[in-house]
Amino acid sequence: MQADVKLDTLGYFCPMPIILTSKKIKELLPGQVLEVISDDEGIKKDMPAWCETTGHHMVGMEEENGADKKIYKAYVKKV
Amino acid sequence: MNATNVEPATALAELRETKPDKVTLVVLSGDMDRVMAALIIATGAAAMGMQVTMFYTFWGLNAIRKENVSSTPKDWLRRAFGWLNKGGASRLPLSRFHFGGLGTTMMKKVMKDNRMPGIPELMETAQDLGVKMIACTTTLGLMGISKETLIDGIDQLAGVSTYLNEARHGSVNLFI
């Protein structure tokens with residue numbers, strides 16, 4: 001999936017990925033897509049929940065096998 | 001009749017702007033694990049665009065006290081209490097397995113090794129995100145803590161009415 005801006009939150013646990021996302025999204029223009037990379041499994045549920053509350057659009061989620069654990073890529077479109 | 005078409009997402013964003021969800025947290029505990037849970041909820045809620053108020057009372061006040069600064073109450077009872085009850089965000093004990101400081105130190109090491117923010121970092125993040133901090137005046141007085149010994153950025157010194165006035169607009173109100 002194509003993203004305009006990338007945010008690396010690898011190694012961070014809840015609530016840091018969401019807090020970093022909420023700060024980063026402010027730098028985007030409406031319609032742009034932010035890719036949040038995380039190895040915290042909680043992001044699978046937390047990012048859609050964050051989008052539901054803030055009104056931003058959850059475009060999709062990808063999973064990849066990292067070195068020792070899974071890596072998640074969440075795509076959020078700024079509204 | 002005039003009907004204006006509004007994009008649902010825009011309408012939602014505007015609604016959140018004008019009437020966001022409100023979260024209030026009463027922090028009574030001064031245990032590291034409990035204060036950490038409170039701060040994680042507070043920072044998470046603020047990141048979700050909610051208005052957050054944290055009301056610190058009793059042992060919870062230790063989380064918003066400056067370190068190595070002691071108040072000097074006039075009566076000896078509260079002075080003695082002040083020696084026993086040290087404050088500071090990085091000095092809070094675990095509710096279990098504190099073991100005179102050893103357990104808490106080990107927990108902090110594990111947290112640091114895993115890049116998990118500690119209480120001081122979470123507190124700073126909460127203040128950055130605009131979480132409102134209120135200190136309870138009654139328990140400040142009771143425990144002989146002067147307001148000068150609280151950390152910077154405490155928004156209000158207030159009482160139960162202030163809390164209730166916030167909580168009655170709150171959709172999430174927690175007591176920790």
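How many helices and strands does the secondary structure of chain A come to?

Analyst: First, a bit of housekeeping. This is a predicted model, so local features need pLDDT of at least 70 and side-chain atom pairs count only at pLDDT 80 or more, while totals for chains, interfaces and linings use all residues. Residues are numbered from 1 along each chain as its sequence is written, and chains are lettered from A and ligands numbered from 1 in the order in which they are written.

Now, chain A: two helices and four strands, arranged along the sequence as β-α-β-α-β-β. Helices here are DSSP runs of H or I with at least four residues, strands are runs of E with at least two, and both are numbered from the N terminus. The radius of gyration of chain A is 11 Å, close to the 12 Å that the globule rule gives for 79 residues, so chain A is as compact as a globular protein of that length. That radius is taken over C-alpha atoms, and the rule is 2.2 Å times the number of residues to the power 0.38. Along the principal axes, the C-alpha atoms of chain A fill a box of roughly 35 × 25 × 20 Å.

As for the inside, 32% of the 79 residues of chain A count as buried. Buried is 20 or more other C-beta atoms within 10 Å of a residue's own, exposed is 12 or fewer, and partly exposed lies in between, with C-beta atoms placed from the backbone. Take the contacts in chain A between residues at least 6 apart in sequence: 62% of them join residues at least 24 apart. A contact needs C-beta atoms, placed from the backbone, within 7 Å of each other.

One local detail is worth a look. Cys14(A) and Pro15(A) are joined by a cis peptide bond, with omega about 10°. Pro15(A) sits in the loop between strand S1 (5-8) and H1 of chain A.

H1(A) also turns up where the chains meet. The contact takes 14 residues from chain A and 15 residues from chain B. On the side of chain A that touches chain B, helix H1 (16-24) and helix H2 (43-54) each supply at least two residues, and H1(A) has the largest share, four residues. That side of chain A has eight nonpolar, six polar and no charged residues. Nonpolar covers Ala, Val, Leu, Ile, Met, Phe, Trp, Tyr, Cys and Pro; charged covers Asp, Glu, Lys and Arg; the others, Gly among them, are polar.

Over in chain B, five strands form an open sheet in the order S4-S3-S2-S1-S5, with parallel pairing. Two strands pair if DSSP finds at least two bridges between them. Strands S4 (156-158) and S5 (172-175) of chain B are at the edges with a single partner strand each, so one side of each is left without a neighbour in the sheet.

Further in, S1 (residues 22-27) of chain B runs parallel to S2(B) and is joined to it by six bridges; Thr24(B), for instance, has Thr53(B) as its bridge partner in S2(B). S2(B) also pairs with strand S3 (residues 132-136) of chain B, in the parallel sense over four bridges, and there Met54(B) stands opposite Met133(B). Five of the six residues of S2(B) (residues 51-56) are buried, so this strand is largely enclosed by the rest of the structure.

Definitions and conventions. Two residues are in contact if their C-beta atoms, placed from the backbone, lie within 7 Å.
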